[in-house]
Amino acid sequence: MSTRIDARSDIARSSTTRTGTAPIDAAPINLGYRRRVLRVGRLELPVRARSIGVAVSVVLVVVVLGVLSLGLGTYTLSPGRVVEVFLGGGGALDRTVVLEWRLPRTLAAIALGGFLGISGALFQTVTRNPLASPDILGLSNGAFTGMLLTLVLTSAGWPLVTAGAVVGGLATAAVIWGLAHRGGVQGFRLIVIGIGVAALLASTNTWLLLQIELETAMFASAWGVGTLNGVTAVPVAGAVACGIPLLLVLVALTPRLRQLDLGDDVATATGARPALVRTLALLIAVLLVSVATAVIGPVAFVALAAPQVATRLARTPYLSLTLSALVGALLLLASDLIAQHVLPVGLPVGVVTVSVGGLYLVVMIIKEIRRRA
């Protein structure tokens with residue numbers, strides 16, 4: 001394996017004329033950043049040093065926050081004792097607290113925060129609008145509606161509730177897509193219609209909460225804000241199992257998404273089918289956010305902020321799905337730590353994300369208005 005610095009685009013390579021004459025070297029194209037090409041035989045993998053550095057830094061911060069989240073609480077453990085538990089040591093009580101009580105919550109914040117970050121990046125890539133996200137478009141509310149309808153009609157356990165959330169998210173996406181699709185879907189039109197559908201679903205959810213038993217309604221109300229309280233290993237494992245196949249499909253779809261960044265005409269000329277790629281990307285995004293919502297509720301603004309924060313940190317010319325996932329995990333985990341251990345009173349994590357995300361949304365709207373002016 002060898003590496004080299006390459007500041008040329010993929011289309012600026014040596015080419016051979018149709019007459020079979022000597023190759024002609026294309027002039028280098030300044031991409032605005034330097035990239036490193038990893039070579040293994042004939043396989044070339046272009047990577048950016050800054051993106052790798054940002055990814056490694058975010059992973060390290062997530063690990064540190066994860067260790068803190070496993071140690072903080074009524075029964076406090078030092079970071080050393082937490083690490084000792086994972087190395088197979090520690091007392092019986094330490095292992096129970098870390099592995100059985102706190103680990104599912106931490107893993108849920110990391111995994112589902114990553115799902116939300118990827119979902120937001122997909123929506124913003126497809127719509128080409130930094131304000132597009134599942135919570136703004138009402139998909140999180142739609143998944144919540146599906147969950148509430150399942151509780152009202154069946155009072156079933158987690159598997160059926162998850163199915164109801166997924167169906168609710170898909171149905172909401174279909175309605176928004178149908179209303180916004182007039183000679184093609186425009187990002188701004190999709191957002192405006194999504195905001196209206198979200199308001200309608202919020203009213204529906206309030207009415208549904210009044211139709212169920214008081215105890216169930218109290219649980220659903222807290223869950224509707226977005227919370228990691230009471231998360232257990234079984235739903236987290238189920239959510240991850242549902243998300244892995246979607247991520248594998250997304251890996252194969254990612255090159256086509258990069259082609260869409262060049263515009264529909266260029267994407268079509270290079271072999272992509274823009275309409276199909278957009279549909280598949282949105283379907284994966286809806287399924288990811290529905291699975292996450294089924295476990296922790298409609299957590300707001302993580303999907304909106306994570307892709308933009310990742311782009312600004314790495315200074316990439318496109319929305320990186322990997323970095324969006326890492327930043328989404330970081331945002332949700334950090335928000336949960338603040339909600340549980342920094343504020344005077346323990347609150348659902350959705351309260352913190354809404355407070356921080358509201359300010360972020362105002363800034364993004366102001367920038368978007370100035371850009372269009």
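A residue counts as buried when its relative accessible area is under 20%, as exposed when that area is over 50%, and as partly exposed in between (1.4 Å probe, protein chains only). By that definition, 46% of the 373 residues of the protein chain are buried. This is a predicted model: local features need pLDDT of at least 70, side-chain atom pairs count only at pLDDT 80 or more, and totals for chains, interfaces and linings use all residues. Residues are numbered from 1 along each chain as its sequence is written, and side-chain values use heavy atoms, with hydrogens and water left out.

**Overall build**

- The protein chain holds 14 helices and three strands. Both are DSSP runs numbered from the N terminus: helices are H or I with at least four residues, strands are E with at least two.
- Contact means heavy atoms within 4.5 Å. Among contacts between residues at least 6 apart in sequence, 70% join residues at least 24 apart.

**Helix 1 against helix 3**

- Two packed helices are described by the angle between their axes and the distance between the axes.
- Helix 1 spans residues 49–71 and helix 3 spans residues 92–127; their axes come within 9 Å and cross at roughly 145°. Axes here are lines fitted to C-alpha atoms, for helices over the stretch in contact, and angles run from 0 to 180 degrees between N-to-C directions.
- This crossing of helix 1 and helix 3 is right-handed. A crossing gets that name if the near helix is turned clockwise from the far one by less than a right angle, and is left-handed if the turn is anticlockwise.
- Helix 1 contributes V62, G66, S69, L70 and G71, which meet V98, R102, L103, T106 and I110 of helix 3.
- The residues of this contact divide into five nonpolar, four polar and one charged. Nonpolar covers Ala, Val, Leu, Ile, Met, Phe, Trp, Tyr, Cys and Pro; charged covers Asp, Glu, Lys and Arg; the others, Gly among them, are polar.

- The expected span of a helix is 1.5 Å times one less than its number of residues.
- Helix 5 is largely enclosed by the rest of the structure, because 11 of its 15 residues are buried. Among them are S140, A143, F144, T145 and L148.
- N205 lies in helix 7, residues 187–209. N205 is buried, with a relative accessible area of 4%.
- Leaving aside neighbours within four places in sequence, N205 is in contact with N141, F144, T145 and L148.
- T293 sits in helix 11 and is buried at 1% relative accessibility.
- With neighbours within four places in sequence set aside, T293 is in contact with S140, A143, F144, W223 and P298.

**Helix 12 and its flanks**

- Helix 12, residues 302–314, has 13 residues and reaches 18 Å from its first C-alpha to its last, close to the 18 Å expected.
- Helix 12 is largely enclosed by the rest of the structure, because 10 of its 13 residues are buried. The buried set is V302, A303, L304, A305, A306, P307, Q308, A310, T311 and A314.
- Most residues other than glycine have a negative phi.
- F301 has a positive phi of about 75° although it is not a glycine. F301 lies in the loop between helix 11 (274–296) and helix 12, and is buried at 13% relative accessibility.
- R315 follows helix 12. R315 has a positive phi of about 55° although it is not a glycine.
- R315 lies in the loop between helix 12 and helix 13 and is exposed, with a relative accessible area of 58%.

**Helix 13**

- Helix 13, residues 321–342, has 22 residues and reaches 30 Å between its first and last C-alpha, close to the 32 Å expected.
- S320 caps the N-terminal end of helix 13, with a side-chain oxygen 3.3 Å from the backbone nitrogen of L323.
- Q340 is found in helix 13 and counts as partly exposed at 25% relative accessibility.
- Q340 and L72 are 268 residues apart in sequence and 9.3 Å apart in space, C-alpha to C-alpha.
- Leaving aside neighbours within four places in sequence, Q340 is in contact with R105, N229 and L347.

Note on methods. A polar contact is a pair of N or O atoms within 3.5 Å; within protein, one must be able to donate a hydrogen and the other to accept it, and residues adjacent in sequence count only if both atoms are side-chain atoms.
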